[in-house]
Amino acid sequence: MSTAHASPALFELPGEIDDARVWAHAFADKYIRPVAAEYDEREATPWPVIEEAAKAGLYTPEFALQMRDDPTGLLSPVVAEEIFWGDGGIGQALLGTFLPVSAFFGAATEEQIASWLPEFFGTPGDLSVAALCVSEPDAGSDVAAIRTHARFDEATGEWVLGGTKTWATNGGIAAVHVVNAATDVALGARGHALFLIPPGTRGLSQGQKFAKHGLRASHTAEVVLDDVRIPADHVLGGKDALDERLAAVREGRRIRVPAAMAAFESTRPAIGAMALGVARAAYEYALEYSKVREQFGRPIIDNQSIAFTLADIATEIDASRLLVWRASNLLARGVRFRNAEGSMAKLKSSEIAVHATERAIQILGGNGYTRDYPVERWARDAKIFTIYEGTSEIQRLMIARSISGRRIA
């Protein structure tokens, strides 16, 4: 069961955004859905699909810049929803590079962007992926507690990094690892900086590759940094800017949100859009199934218990999309979140993804519990959205602090 067109917009989108929505949906329908079960079963990175995306212009530095420069902020969530409608695991493998790209855009100089951005993607026939390395074995939601450190060796003019990162999408196989490290542990998150580590750098290695519950087509692994040495200009924003920022913190002056935290804030709406894609896939499948599946002589959609469940899910999906689009538009216009709008978008979307996929299994009954039907896979994929890039509990904490003005613990 598959819809022929992208989900209709909630209101009229600019022509180029709507065209991208239809284009991304067509790509997902043609290249992602037919192989989704295979790559989930194999737990393998879908390089042929990424190759097709690169040829189509969906996986390129130019498209990343187009999303960054989109004045509406809607291009990114619209495309993400359609790709994840195709499949969560392949979607994560395909769009996983855009998370480090977002962090990169938020902290890099224009010179660094011009020099490094092509390395994130590679070219058709010679593809690359990138990884954002923030979480650690003892520092997940509490980013301020990271232990990975970076010190500057004045004698050699190099940064020296050490530590272990975990849960890194594309970790160990990336052409570029964007690593969050503490340059001054005493300053907490305000002493953090993001560093660019190119492939083949001595001391960087892949640790454990995780066998996951869902998103199994996406490579997730530990990244081990053992006395990794990189040039001085491999810190995002430049060393001089970092030195100035650290001096300001030590003097008690206010600074902007640290790079890694800013990256999470900017990507939460995008994560919400990904969750929506999975939720919508499950909703559409369950809706069509309920129209053709008969029990007691009539389609099960004629029962209020089924019809009302689907009505609630449809309403929640549309409401979540509006939250995602609002937060994305605020970011594009440079408007500061006042009530944790990014967290609202991610919280609502991730939880409706879990609810929609679980209800879809229930509507399909025994069929839904088997791998012969995709809702089982979608349910496994959906759960991660309430965990990564900040758990639902962390999102509620961020929202509560924003609306109350209190330091709620």
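This is a predicted model: local features need pLDDT of at least 70, side-chain atom pairs count only at pLDDT 80 or more; totals for chains, interfaces and linings use all residues.
**Exercise 1. Classify two aromatic pairs**

Work out the geometry of the Tyr59 and Phe121 pair, then that of Tyr285 and Trp378.

*Solution.* Start with the overall count: the structure holds 14 aromatic pairs. Next, place the residues: Tyr59 sits in the loop between helix H3 and helix H4, and Phe121 in helix H8, so the pair ties together parts 62 residues apart in sequence. Both Tyr59 and Phe121 are buried.

Tyr285 belongs to helix H10 and Trp378 to helix H13, so parts 93 residues apart in sequence are tied together. Both Tyr285 and Trp378 are buried.

**Exercise 2. Trace the neighbours of strand S9**

Find how S9 pairs with S5 and with S8.

*Solution.* Take S5 to begin with: it pairs with S9 (residues 220-231) in the antiparallel sense, over nine bridges. Within this pairing, Val160 stands opposite Arg229 of S9. Then turn to S8 (residues 204-209), which runs antiparallel to S9 and is joined to it by four bridges. Here Lys209 has Ala221 in S9 as its bridge partner.

**Exercise 3. Judge a loop residue**

Is Ala155 buried or exposed?

*Solution.* Locate Ala155 in the loop between strand S4 and strand S5. Its relative accessible area is 75%. The cut-off for exposed is over 50%, so Ala155 is exposed.

Terms used: Residues are numbered from 1 along each chain as its sequence is written. Side-chain values use heavy atoms; hydrogens and water are left out. Helices (H or I, at least four residues) and strands (E, at least two) are DSSP runs, numbered from the N terminus. Buried means under 20% relative accessible area, exposed over 50%, partly exposed in between (1.4 Å probe, protein chains only). Two strands pair if DSSP finds at least two bridges between them. Rings of Phe, Tyr and Trp (its six-membered ring) pair if their centres lie within 6.5 Å; planes under 30 degrees apart count as stacked, over 60 as edge-to-face and the rest as tilted.
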